[in-house]
Amino acid sequence: MRGRSTAAPAGSRDICGPERSRRLWCGAMEELDGEPTVTLIPGVNSQKKQMCFDWGPGEMLVCETSFNKKEKSEMVPGCPYIHIIRKDIDVYCKILRKLFNESHGIFVGLQRIEEEFTGKSRKAQLVRVSKNYRSVIRACMEEMHQLAIAAKDPASGGQFSSQISILSAMELIWNLCEILFIEVAPAGPLLLHLLDWVRLHVCEVDSLSADVLGSENPSKHQDFWKLVTILVLQGRLDEARQMLSKEADASPTSAGMCRVLGDLMRTMPVLSPGNTQTLTELELKWQHWHEECERHLQDGTFASSPHLESLCKIMLGDEAALLEQKELLSNWYHFLVTRLLYSCPTVKPMDLHCYAQSSLDLFLGGESSAEPLDNILLAAFEFDIHQVIKECSIALSNWWFVAHLTDLLDHCKLLQSHNLYFGSNMREFLLLEYASGLFAHHSLWQLGVDYFDHCPELGRVSLELHIERIPLSTEQKALKVLRVCEQRQMTEQVRSICKILAMKAVRNNRLGSALSWSIRAKDAAFATLVSDRFLRDYCERGCFSDLDLIDNLGPAMMLSDRLTFLGKYREFHRLYGEKRFVDAASLLLSLMTSQIAPRSFWMTLLTDALPLLEQKQVIFSAEQTYELMRCLEDLISERPAHGEPDAQQLQDDDIETTKVEMLRIGLARNLARSIIKEGSLDGS
């Protein structure tokens with residue numbers, strides 16, 4: 001993802017600090033307001049040479065042309081390389097590949113949620129799925145944090161830290177969407193969820209607490225009051241009371257004030273998950289508690305202790321007191337939740353956007369403008385799902401986040417009415433884009449297949465287009481691709497892959513493999529080509545290779561005439577080897593008379609007939625012998641005339657003449673023997 005220009009120290013403990021996430025996220029987004037970043041390609045001089053490029057699904061090829069920008073053409077040395085520019089580098093990050101792999105399993109499981117799950121059971125399942133997605137994000141953050149600590153050079157450490165911050169911002173957005181759109185928490189529980197949201201993403205307080213409590217005298221620690229203030233700002237009042245008790249023990253003069261403020265913290269009405277009180281009862285109790293806090297403040301109970309007085313003002317929801325703690329709040333949404341906790345604990349979901357906008361304006365105070373992350377969170381508080389997705393799509397350099405979040409929200413029936421004008425709904429469009437990015441990677445393409453499978457409108461077509469572009473670098477990878485195609489009855493793609501593999505096998509002189517692939521592709525023309533290569537090899541070597549394959553062709557030999565001939569010719573050799581001469585002779589003759597055998601191979605077949613003609617037993621009948629003689633004469637009459645022959649041609653002609661003479665003699669002898677045999681049988 002973009003935004004790697006700023007980074008925290010590699011050894012920093014904080015992997016989820018919201019301010020750093022916001023700062024890095026915003027740094028990533030600053031480029032949207034200006035001109036696109038110029039990418040310099042090593043060795044390419046665009047000032048002197050014109051460039052040519054070609055777009056691919058996830059990459060672009062760039063190279064120099066032979067044209068230059070000067071009027072006179074000068075032959076100057078150019079860049080001899082073709083450069084590949086990838087638009088999505090995240091798929092090549094090892095840790096993010098873990099994110100892609102693990103979230104794939106969650107995605108597939110989500111698609112299997114059966115429709116009969118309704119009401120609370122379905123909602124609980126969808127919340128569980130959302131939490132699973134977030135746990136994968138946090139696991140990647142933890143792993144990147146370890147790598148950032150172990151990084152030896154500052155550049156790579158900074159890169160990891162930057163990536164951590166962006167993942168943290170992603171989880172921040174996802175968690176808020178989970179609360180607002182998936183859990184759909186009502187007034188009361190809504191604030192509890194928002195408090196948990198802030199506490200999860202503002203985790204500096206834990207390390208600060210460990211430092212303070214680990215000291216010899218915590219109440220005298222320089223960050224003691226800072227810690228207590230943060231605990232109050234986060235609504236962790238029980239922990240704040242424990243810290244105040246340490247101050248009371250160490251300072252008798254402030255013990256009474258600490259006890260009073262501690263009692264106010266203890267008695268603050270809070271709607272706990274198991275509590276059965278109504279919102280009206282809670283509001284009445286909270287109003288009485290609020291009046292008591294205000295009375296203590298007006299009576300000057302804490303006047304002698306500025307720290308305790310400031311805490312009391314915070315608990316009253318005093319905006320000025322809250323804004324004084326900007327540094328500890330660190331961001332406007334923390335300010336929002338704290339403000340709601342102490343001024344409107346029963347806020348309704350429909351009123352959130354008003355509080356969110358005013359909190360943003362108050363927190364920024366006109367000193368700066370809202371950043372992209374702020375706009376995304378604000379859109380979520382306004383319950384504008386489509387704006388959240390749009391902003392995130394612009395902000396992130398890949399489609400993982402928006403694709404999975406949109407899919408989950410679609411399962412929550414929140415996007416049913418939003419169709420795009422170019423043939424698909426928003427869910428499918430984003431899933432198609434994400435899957436296309438996965439297909440740019442040499443192994444992640446296998447995950448992309450499942451995403452295409454779950455896009456009912458355009459998924460099948462997109463899969464067919466992308467799977468044809470996968471480079472079949474190894475036979476193992478080709479088999480994986482082939483299995484995917486066969487499982488989905490993608491006949492054309494299966495045929496195409498098999499033809500590619502058959503061609504590679506032919507180039508490597510692996511004829512058996514080539515024949516097997518051509519049969520699997522049901523490609524008659526290529527099967528004919530490979531069969532010819534088998535026959536040519538037989539003529540040169542006098543024996544067949546890959547006998548097991550040829551012997552077990554079965555019905556596949558009917559794919560082409562040449563393949564049929566190859567199988568039958570091999571069967572002739574097998575019959576001859578088994579001394580079944582009569583059957584072998586009948587098969588040999590049928591191969592020639594049925595025109596299955598190529599004319600170029602007739603001389604070889606006639607030569608194979610010679611041993612049968614010379615057998616003591618008469619194998620060929622007179623009629624069969626006449627057929628062989630006719631085939632021989634047809635072959636001789638079609639022999640082309642040559643020009644001035646060379647030495648090799650003369651030698652080949654002598655061999656051919658010798659074969660013809662031997663065949664004529666053999667056929668004449670066999671004809672005489674067969675006539676005598678047949679005549680004697682007729683006479684008897």
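This note walks through a predicted model of one protein chain, point by point.

1. **Ground rules.** In this predicted model, local features need pLDDT of at least 70 and side-chain atom pairs count only at pLDDT 80 or more, while totals for chains, interfaces and linings use all residues. Residues are numbered from 1 along each chain as its sequence is written, and side-chain values use heavy atoms, leaving out hydrogens and water.

2. **The whole chain.** You will find 31 helices and three strands here (DSSP runs numbered from the N terminus: H or I of at least four residues for helices, E of at least two for strands). Of the 684 residues in the chain, 47% are buried (under 20% relative accessible area with a 1.4 Å probe, protein chains only; exposed is over 50%, and partly exposed lies in between). Among contacts between residues at least 6 apart in sequence, 65% join residues at least 24 apart (contact means heavy atoms within 4.5 Å).

3. **Helices α8 and α9.** Two packed helices are described by the angle between their axes and the distance between the axes. For α8 (residues 237–250) and α9 (residues 255–267), the axes come within 9 Å and cross at roughly 170° (axes are lines fitted to C-alpha atoms, for helices over the stretch in contact, with angles from 0 to 180 degrees between N-to-C directions). The two helices are therefore roughly antiparallel (over 145 degrees; under 35 is roughly parallel, 65 to 115 roughly perpendicular, and the rest oblique). On the α8 side, the contact uses Leu237, Ala240, Arg241, Leu244, Glu247 and Ala248; on the α9 side, Ala255, Cys258, Leu261, Gly262, Met265 and Arg266. These residues comprise eight nonpolar, one polar and three charged (nonpolar: Ala, Val, Leu, Ile, Met, Phe, Trp, Tyr, Cys and Pro; charged: Asp, Glu, Lys and Arg; polar: the others, Gly among them).

4. **A look at Ala240.** Ala240 sits in α8 and is buried, with 0% relative accessibility. Setting aside neighbours within four places in sequence, Ala240 touches Val228, Leu231, Val232 and Met265. Its C-alpha is 8.8 Å from that of Ile230, 10 residues away along the chain.

5. **Helix α16.** How many of the 10 residues of α16 (residues 372–381) are buried? Nine are, so this helix is largely enclosed by the rest of the structure. Among the buried ones are Pro372, Asp374 and Phe381. After α16 comes Phe383, with a positive phi near 60°.

6. **Helix α29 and its partner.** Helix α29 (residues 602–613) has 12 residues and reaches 16 Å from its first C-alpha to its last, close to the 16 Å expected at 1.5 Å a residue (1.5 Å times one less than the number of residues). It is mostly covered, with 10 of its 12 residues buried, including Trp602, Met603 and Asp608. The axes of α27 (residues 561–577) and α29 come within 12 Å and cross at roughly 15°, and the pair is therefore roughly parallel. From α27, Phe565, Tyr569, Phe572, His573 and Tyr576 meet Thr604, Leu605, Asp608, Pro611 and Leu612 of α29. That contact has seven nonpolar, two polar and one charged residues.

7. **Ser436.** Not counting residues up to four places away in sequence, Ser436 touches Phe452 and His466. Ser436 and Leu463 are 27 residues apart in sequence, and their C-alpha atoms are 8.7 Å apart in space.
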